[in-house]
There are 2 protein chains.
Amino acid sequence: MPSLRVALCQLDLTVGALDDNVDAIAAAHARAEAAGADVALFPELAISGYPPEDLLLKPGFVEDQTEALERLATRIEGHCVAVVGWVEGARHLGADPHDRHDGPWNAAAVLHGGRLVGSYRKQALPNYAVFDEQRYFDAGDGAQPFFSIAGVTCAVTVCEDVWVDDGPAAHACASGAQIVLNVNASPFHSGKQEVRESMLRRRVAECGAPIAYVNLVSGQDDLVFDGGSVVLDADGSIVSRLPRFVEAETVVDVAVADGTGLPSRTVIEVTDAPAARPDAPPVTVDEVLDGPAEVWEALVLGVRDYTRKNGFREVTLGLSGGVDSALVAAIAADALGPAAVHAVLMPSRYSSDHSVSDAEQLSINLGIDARTIPIEAAHHAFLDMLAPSFEGLDEDLTEENLQSRIRGVTLMALSNKFGWLVLTTGNKSETAVGYSTLYGDTAGGLAVIKDVPKLLVYELCRWRNRRDGAPVIPESILTKPPSAELRPDQHDQQSLPPYEVLDPLIEAYVDGDLTSEELIAAGHDPELVVRIASLVDLAEYKRRQSPPGIRISQKAFGRDRRLPITNRYRPKRPMDPGGAS
Amino acid sequence: MPSLRVALCQLDLTVGALDDNVDAIAAAHARAEAAGADVALFPELAISGYPPEDLLLKPGFVEDQTEALERLATRIEGHCVAVVGWVEGARHLGADPHDRHDGPWNAAAVLHGGRLVGSYRKQALPNYAVFDEQRYFDAGDGAQPFFSIAGVTCAVTVCEDVWVDDGPAAHACASGAQIVLNVNASPFHSGKQEVRESMLRRRVAECGAPIAYVNLVSGQDDLVFDGGSVVLDADGSIVSRLPRFVEAETVVDVAVADGTGLPSRTVIEVTDAPAARPDAPPVTVDEVLDGPAEVWEALVLGVRDYTRKNGFREVTLGLSGGVDSALVAAIAADALGPAAVHAVLMPSRYSSDHSVSDAEQLSINLGIDARTIPIEAAHHAFLDMLAPSFEGLDEDLTEENLQSRIRGVTLMALSNKFGWLVLTTGNKSETAVGYSTLYGDTAGGLAVIKDVPKLLVYELCRWRNRRDGAPVIPESILTKPPSAELRPDQHDQQSLPPYEVLDPLIEAYVDGDLTSEELIAAGHDPELVVRIASLVDLAEYKRRQSPPGIRISQKAFGRDRRLPITNRYRPKRPMDPGGAS
């Protein structure tokens with residue numbers, strides 16, 4: 001049975017870093033060449049990084065990216081072909097967007113012998129969820145050529161192309177392709193690897209041919225690309241799986257069926273089979289992470305890449321003694337090393353002793369820097385400044401928000417002075433219902449756990465405490481009732497239902513896009529549904545001004561969920577009259 | 001020559017306010033019926049408001065919207081047909097977005113006799129600039145039926161359909177339509193009415209038939225829909241033009257050519273011509289606003305609708321004595337009435353006497369409420385709190401930002417206590433280069449002049465001073481050098497080039513999407529280009545957390561310009577080596 005030696009090059013590339021990306025690709029290609037690979041696969045849009053977003057609307061950027069690809073091509077020498085995601089062609093938008101030329105295309109360049117041998121244009125352009133590819137790209141057609149590599153007829157495809165039933169992959173194999181090479185920038189959500197491999201098994205069954213699937217690994221703003229590159233043979237078995245959330249490379253000999261007569265499409269002849277191959281290295285089949293371990297690694301990669309790719313080395317955060325900031329501190333320590341994490345305790349007149357001692361103990365356990373800056377002086381000053389305006393009025397949320405904002409100002413001052421990135425600590429449950437202070441605890445550069453519901457916050461902390469056999473997060477942080485400590489004897493559950501009730505409701509309303517009527521019909525408490533749904537809707541203006549957060553679900557707040565701020569569609573009970581909206 | 005009596009119903013509708021929108025449409029239809037109209041045209045997506053964004057991903061919302069349309073239909077009685085934008089059909093996204101049914105469509109319902117007679121599905125779905133319609137809608141096909149209204153064969157079209165050369169409008173007229181009815185939600189940018197009418201004249205020439213064009217009028221988050229509904233007769237003359245930025249209605253008798261044989265498409269017979277019509281009211285042909293007058297009205301509508309539709313009645317802002325806050329105060333006073341505007345003077349140890357007196361004089365001229373809250377107490381408190389951390393370090397931007405953030409906290413406290421919306425006062429030039437303090441002067445709900453470059457800020461102030469013959473903005477505010485007053489003797493031009501140089505550079509880099517190399521090739525100073533382009537790129541994280549601003553240009557910061565924060569594509573001079581990116 002003939003075979004193709006495929007190198008999967010799962011690189012961490014950076015949006016806009018054209019030359020660094022080219023260097024990384026060329027180096028990995030040289031390693032694949034040394035290992036006797038026939039073809040090395042690189043991620044989708046590897047030259048520009050993914051997603052480049054509106055950089056693609058700058059014709060000059062697309063041109064620079066094209067020149068970078070041309071420079072890369074001159075470095076692809078030897079037997080091994082490189083398949084590299086790039087932007088092919090430029091769209092030249094004039095003043096009138098209706099006057100459009102064709103292209104550009106989200107494409108995969110086939111490089112060999114120091115030149116661009118051909119390019120495949122992605123046919124299926126996702127324009128849902130976090131994707132906006134129809135904003136930028138034209139779709140390739142369904143009759144594009146195959147590439148003969150080491151004598152094997154290869155169908156090159158890009159990402160979404162293989163997700164479509166009866167789509168580009170199936171059509172290619174029905175037209176005589178012996179293997180599908182698929183280059184990806186496939187973002188993470190919890191459980192994604194199982195979804196991905198289940199889809200690939202279905203596709204292999206449909207195609208009757210093996211699929212080699214390479215994915216990007218990268219944190220890019222709110223998105224994490226999780227790697228997990230795999231090769232499936234023609235019977236759907238995983239013959240190689242790379243680890244996730246880290247750069248990795250492997251070389252796999254993939255068995256292909258004998259070519260059955262002439263393919264019914266044009267074939268670009270690239271290389272013949274080598275006379276002999278060096279021994280293949282042992283095959284990698286990494287275990288699939290799941291549950292809290294998977295989410296933990298995603299958050300760690302998200303923090304590390306956002307911090308470093310944006311030119312920061314160190315981070316700061318407010319440590320309240322509560323569970324959310326404890327989790328963020330632990331993730332940051334894993335991502336950047338404890339020496340790079342600067343915790344700030346900012347007790348107020350309402351802070352409890354145990355908050356301070358718990359935060360101190362956590363800092364010691366993690367080995368991070370910690371300092372204490374009491375906020376009383378500024379708290380007192382603001383109350384004085386505002387006294388003439390507030391005379392005769394009761395205290396309310398205003399005074400609570402004030403304390404949170406003083407902490408935000410303090411962290412930002414440290415950030416400005418020392419160049420530390422501020423990490424915010426709000427979880428998805430709080431972010432959903434707006435249980436946060438805009439410009440207060442939401443102030444910072446990265447909202448690490450913005451997509452992590454409160455119950456999962458606890459689960460991640462317990463998982464982290466079990467991981468090394470040495471609990472770093474003090475047990476008292478995990479057992480005391482959650483509180484913002486912005487007034488005497490405050491507890492979350494005075495304002496919110498228990499998280500065991502709240503989290504499933506948020507998941508159904510936000511992630512599931514159900515209406516309040518549908519939630520009530522599903523058995524949720526009507527009063528609670530209307531109250532929580534209203535809170536979620538009304539907090540849209542806060543979310544719009546909050547920093548990006550790392551996406552771990554299938555619907556994170558951010559580019560995944562684009563709701564208007566001005567929105568008078570209101571949650572209602574089924575029996576509400578239709579007259580008022 | 002036969003004619004059709006068309007009512008243009010240019011309403012201010014609200015996203016999500018299904019019942020209010022239905023009531024407004026039914027009332028306007030009743031007025032059109034009373035005026036003897038054969039057909040009344042309402043804006044695109046009139047039932048849901050435009051753009052509903054991800055509300056469209058909630059099947060329950062689309063269903064509620066459908067029921068609202070059905071309730072409207074029962075209220076459309078008499079001779080006059082109603083053409084109303086709506087969402088037809090539901091997309092039922094399951095867990096797997098690849099498993100999609102057809103629809104929904106961005107459609108125009110044709111209502112008569114208490115029922116839905118037919119529906120036209122938009123063919124051209126814009127997915128560029130501020131538009132994401134391919135995220136939500138499937139496209140209609142090109143062979144949809146015509147509607148015979150008062151015996152005239154009418155082609156219904158939706159917005160973008162008429163912008164396409166050799167597109168749906170031309171095809172319809174070539175197939176026998178006698179008139180094109182076009183319902184729109186067409187957002188404003190400066191000079192938009194001329195662009196719109198020039199396009200419509202081109203379309204009429206291509207079609208050889210009249211076009212009746214109705215537009216939404218509305219402020220919706222960052223977008224303003226400016227009305228300016230028009231009817232062009234078959235020779236391209238404007239026979240009616242409604243005013244812009246306000247709700248308006250008119251009835252026009254539009255001459256149509258005799259039907260030339262049978263149309264080559266299905267025709268749905270709706271109504272016959274009436275035996276007699278009441279006299280038509282006088283025709284409205286409003287003047288086209290342009291220059292500062294047009295921008296002013298857009299900003300006023302944007303402020304008024306954002307404030308009221310989000311449930312606020314009053315606003316607050318910091319009045320520095322500078323030109324930006326003076327302009328915002330004047331716009332707010334026009335939009336909401338002076339009694340609804342609460343100015344706050346927040347002098348620091350670095351504020352000049354003239355700043356305070358200029359701000360006071362402005363408040364008196366505008367008749368707005370003003371109070372003074374010196375920030376010294378909080379300023380002093382923060383410097384004390386931070387002293388142990390900052391010991392031995394020089395003062396820098398940290399201390400400047402601190403003052404700005406204290407002001408932000410103060411305004412937010414007033415907002416929280418009194419329910420006032422905070423207006424921010426940063427202009428487009430500052431927003432572009434990041435000459436602002438995140439959580440400081442950027443803190444607020446609406447960034448009124450975020451899309452107004454500094455030179456236009458001055459022009460608008462001067463225009464406003466001329467408008468009523470009584471200058472409300474003190475001349476000294478317009479003549480003194482701009483300063484943030486965050487350190488002694490500070491002036492903008494210590495950090496930035498003169499705005500006469502900066503503004504054109506920003507326009508070319510941001511609005512024009514040129515690269516630094518292209519700007520240098522066009523003759524801009526190389527050092528300056530690299531410095532300013534770098535500032536613009538690096539300020540992306542600030543803009544991402546700033547409030548929405550009212551779009552007046554063809555590329556505003558916001559949904560118009562979606563750049564990654566993590567972005568290592570760097571401005572470079574043409575002679576830069578390619579090695580470092």
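User: Hi! How many residues of chain A are in contact with chain B?
Analyst: Hello! In this predicted model, 80 residues of chain A are in contact with 80 residues of chain B.

User: Which helices of chain A supply residues to that side?
Analyst: Several of them supply at least two residues each, including α1 (18–34), α2 (59–73), α9 (376–390) and α16 (516–521) of chain A. The helix that gives the most is α10(A), with 13 residues.

User: And what is that side like by class?
Analyst: The side of chain A that touches chain B has 39 nonpolar, 23 polar and 18 charged residues.

User: What rotation superposes chain A on chain B?
Analyst: A rotation of 180 degrees does it, with 0.0 Å of shift along the axis and an RMSD of 0.0 Å. That is the relation of a two-fold axis.

User: Which C-alpha of chain A is nearest the axis?
Analyst: That of A:Gln545, which is 2.0 Å from the axis. The same surface serves both copies, too: 100% of the contact residues of chain A recur in chain B.

User: Changing topic, what is the strand order in the open sheet of chain B?
Analyst: The five strands run in the order β18-β17-β16-β19-β20, and their pairing is parallel.

User: Which ones are the edge strands?
Analyst: Those are β18 (369–372) and β20 (446–447) of chain B, each of which pairs on one side only.

User: How many bridges join β19 and β20 of chain B?
Analyst: Two bridges, in the parallel sense, with β19 of chain B covering residues 421–424. In one of the pairs, B:Leu423 has B:Leu446 in β20(B) as its bridge partner.

User: What holds paired strands like these together, in general?
Analyst: Strands of a sheet pair through backbone hydrogen bonds, either parallel or antiparallel.

User: Ok, and which strands does helix α7 of chain B lie across?
Analyst: Helix α7 (residues 323–336) of chain B lies across β16 (315–318), β17 (341–345) and β19 of chain B. It runs at about 170 degrees to β16(B). Helix α10 (residues 397–418) of chain B also lies across β16, β17 and β19 of chain B, at about 165 degrees to β16(B).

User: How about α6 and α12 of chain B, at what angle do they pack?
Analyst: Helix α6 (residues 291–309) and helix α12 (residues 454–467) of chain B pack at about 95 degrees, with their axes 10 Å apart. They are therefore roughly perpendicular to each other.

User: Which residues make the contact?
Analyst: From α6(B) come B:Pro292, B:Ala293, B:Val295 and B:Trp296, and from α12(B) come B:Glu459, B:Leu460, B:Trp463 and B:Arg464. By class, this contact has six nonpolar, no polar and two charged residues.

User: Back to strands: in which sense do β4 and β5 of chain B pair?
Analyst: Strands β4 (residues 105–112) and β5 (residues 115–121) of chain B pair in the antiparallel sense, over six bridges. B:Leu111 stands opposite B:Leu116 in β5(B).

User: What's up with B:Gly113 in that hairpin?
Analyst: B:Gly113 takes a positive phi near 60 degrees, in a hairpin with two residues between the strands.

User: Last one: is A:Ile532 buried or exposed?
Analyst: A:Ile532 counts as buried, because it has 24 C-beta neighbours inside 10 Å and the cut-off is 20 or more. A:Ile532 lies in helix α17 (residues 526–538) of chain A.

Methods
Residues numbered from 1 in each chain as written. Chains lettered and ligands numbered in written order. Predicted model: local features only at pLDDT ≥ 70, side-chain atom pairs only at ≥ 80, totals over all residues. Pairing = 2+ DSSP bridges. Helix = DSSP H or I, 4+ residues; strand = E, 2+ residues; numbered from the N terminus. Contact = placed C-beta atoms within 7 Å. Axes fitted to C-alpha atoms, helices over the stretch in contact; angles between N-to-C directions. Parallel < 35°, antiparallel > 145°, perpendicular 65-115°, else oblique. Nonpolar A, V, L, I, M, F, W, Y, C, P; charged D, E, K, R; others polar. Least-squares fit on C-alpha atoms with pLDDT ≥ 70 in both. Buried ≥ 20, exposed ≤ 12 C-beta atoms within 10 Å, placed from the backbone.
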